[in-house]
Amino acid sequence: MILKDDVVVQTTYENLIAIGASASYDKSIKRNDFLRIINDFYRRDDVKKLAINQGLDSEIFKNVYVSFRKYCIQSTSLPADFNLILNDIISGSSNVTAMFPYFFQHARQMFPHLKCVDDLRKISDLRNPGNWYLDARRMKRKIIFHAGPTNSGKTYHALQRFMNSDSGVYCGPLKLLASEVFHKTNTAGTKCDLVTGEERRLVDIDGKPANHVACTVEMTNLNTLYDVAVIDEIQMIRDPQRGWAWTRALLGLQAKEIHLCGEISTQKLLEELMLTVEDDFEVRQYQRLTKLSHLDHAIESFDNVRSGDCFVCFNKNDIFHITRELEKRGHEVAVIYGSLPPSTKLLQARRFNDPNDKCKILVATDAIGMGLNLSIKRVVFYSLVKSQMNDEGNKQKADVTTSQALQIAGRAGRFGSAFPDGEVTTFRRDDMSRLNEILNQQAKPIERAGLHPTAEQIEMFAYYLPKQSLSSLIVRRECL
Ligand SMILES: Nc1ncnc2c1ncn2[C@@H]1O[C@H](COP(=O)(O)OP(=O)(O)OP(=O)(O)O)[C@@H](O)[C@H]1O
């Protein structure tokens, strides 16, 4: 029966029968009385606390409230015991929270995961990621953090250990870097495979895996035992989208010796993470090997371009504009940006680095910003504004951070290249002081590491909620 002003509610409320209603009860409830107590129920802090304890976040609580209220109003019959409780609440002999079991029953029918919320909570507890990797926890690993600015030899020293070990894995941030290590290691006489999301190259003609592998960090194999692992650009651990892969490699790799290369700003976070596992942790500090001068004048015109210049910008329109302007002036230009195929990027980098090639100017996005060894004399920031992901996961335009600017500028004057001293400047005069300000700041200490549930955790979750899609499983985890 539909609740109307001064009209009767009573019923077999089918969804609540399981709670224990067996007989019907015909005491009438006025619609206004019902609305008063249900609104009171919704607003009460003690009800909200009860709801949170049972796994109903504010969004679910609101949805259930709307549905429960509608159901009660439209129901032709409510179970006798519920009817009785409603009457007791209205008469003041019972508290409004007495309605909660009926409300929660309704919630469980709308959101099945609430039936196993305690188990799901245990599975979703992401507070001790170190404990997820039991094989790695059984080992006593030695972690060496090579900390320092760009071009200080951090990766060089880690790679020396990698190449001279009996078995090893290099985990890099870019396909380009993994390829560079793959070629360098094979050239040095140590057989090394390459594994990226797009490519798997085994050097052995019979397809037997080599003892060494260079991979992109997401492809790190946690099931193989290595003597030495190198995790490059460890400061990427803070990246909102990819950081989880560095955390996973750091905590889960089964390697006796793990070399981390990156910015000093990661040190405190690493020390804290290392407290959660029982590995030895050592820090080795480095200084830049070559000079990097911050110029005090912008180049202002494409006519002032020189051999060894690298123009850096943050979108494809700028890439094409700069390339057109330079080509109009008769320059051969190498171009590198993120969405180019890795082989094309590699080819472009090789052309630019080749002293016998006429191509002596590079136009690139910050795809070159990490670890690449390029023969750049002068980095020219064409723009300082980049579309970046903020902490809430939304894209917004903002100045490059100190860490990003230092990484990019650090490509100039690489040790052992044709230009042992590097320079950095801007294209526009107006950007000059801002760039110097950015470069002269200290990179902020990293406070957060990315985290992603393991495949086993998602599988367990799916076991409890077999009808849910993968994306809804991930959202459910966040609710818990
Ligand atoms: N001791 C050394 N002997 C020979 N070459 C070296 C030595 N140290 C560094 N290099 C060379 O200097 C260049 C820069 O070194 P490396 O890549 O290790 O720097 P990095 O500190 O890791 O910088 P980034 O953070 O930019 O990657 C590389 O080409 C490397 O091979």
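## Questions on a predicted model and its ligand

In this predicted model, domain 2 (133-285) and domain 3 (292-440) both give residues to the shell around the ligand, so the ligand lies between them.

Q: Into which domains is the chain divided?
A: The division starts with domain 1 (31-115) and domain 2 (133-285). Domain bounds come from an automatic or database domain assignment. The list continues with domain 3 (292-440) and ends with domain 4 (451-479).

Q: What distance separates the centres of domain 2 and domain 4?
A: Domain 2 spans 133-285, and domain 4 spans 451-479. The centres are taken over C-alpha atoms. The separation is 28 Å.

Q: How many residues surround the ligand?
A: The closest include N151, K154 and T155. Y156 and R411 are also among the closest. The shell divides into four nonpolar, seven polar and four charged residues. The number surrounding the ligand is 15.

Q: How much of the accessible area of the ligand does the protein cover?
A: Backbone atoms come within reach of ligand oxygen atoms. A polar backbone atom of G153 is 3.1 Å from one oxygen atom of the ligand, and a polar backbone atom of Y156 is 2.7 Å from an oxygen atom of the ligand. For F415, a backbone N or O atom lies 3.5 Å from a ligand oxygen atom. Of the 620 Å² that the ligand has on its own, the protein covers 81%.

Q: Is I319 buried or exposed?
A: I319 sits in helix α12, which runs over residues 316-328. Buried means under 20% relative accessible area. I319 has 0% relative accessibility, so it counts as buried.

Q: What distance separates the C-alpha atoms of I319 and V335?
A: The two residues are 16 residues apart along the chain. Leaving out residues up to four places away in sequence, I319 touches C313, V335, I336, Y337, V363, A364 and T365. The C-alpha separation is 7.8 Å.

Q: Which backbone oxygen does the side chain of Q254 reach?
A: Q254 is in strand β7, residues 254-262. Beyond residues up to four places away in sequence, Q254 touches D135, A136, M139, L222, N223, T224, L225 and Y226. At 2.9 Å, the side chain of Q254 reaches the backbone oxygen of L222.

Q: Is Q254 buried or exposed?
A: The cut-off for buried is under 20% relative accessible area. Q254 has a relative accessible area of 10%, so Q254 is buried.

Technical notes: Residues numbered from 1 in each chain as written. Predicted model: local features only at pLDDT ≥ 70, side-chain atom pairs only at ≥ 80, totals over all residues. Heavy atoms only, no water. Helix = DSSP H or I, 4+ residues; strand = E, 2+ residues; numbered from the N terminus. Buried < 20%, exposed > 50% of the residue type's maximum accessible area, 1.4 Å probe, protein only. Contact = heavy atoms within 4.5 Å. Near = heavy atom within 4 Å. Polar contact = N/O pair within 3.5 Å; in protein donor to acceptor, adjacent residues only side chain to side chain. Areas by Shrake-Rupley, 256 points an atom, 1.4 Å probe, with all protein chains shown as cover. Nonpolar A, V, L, I, M, F, W, Y, C, P; charged D, E, K, R; others polar.
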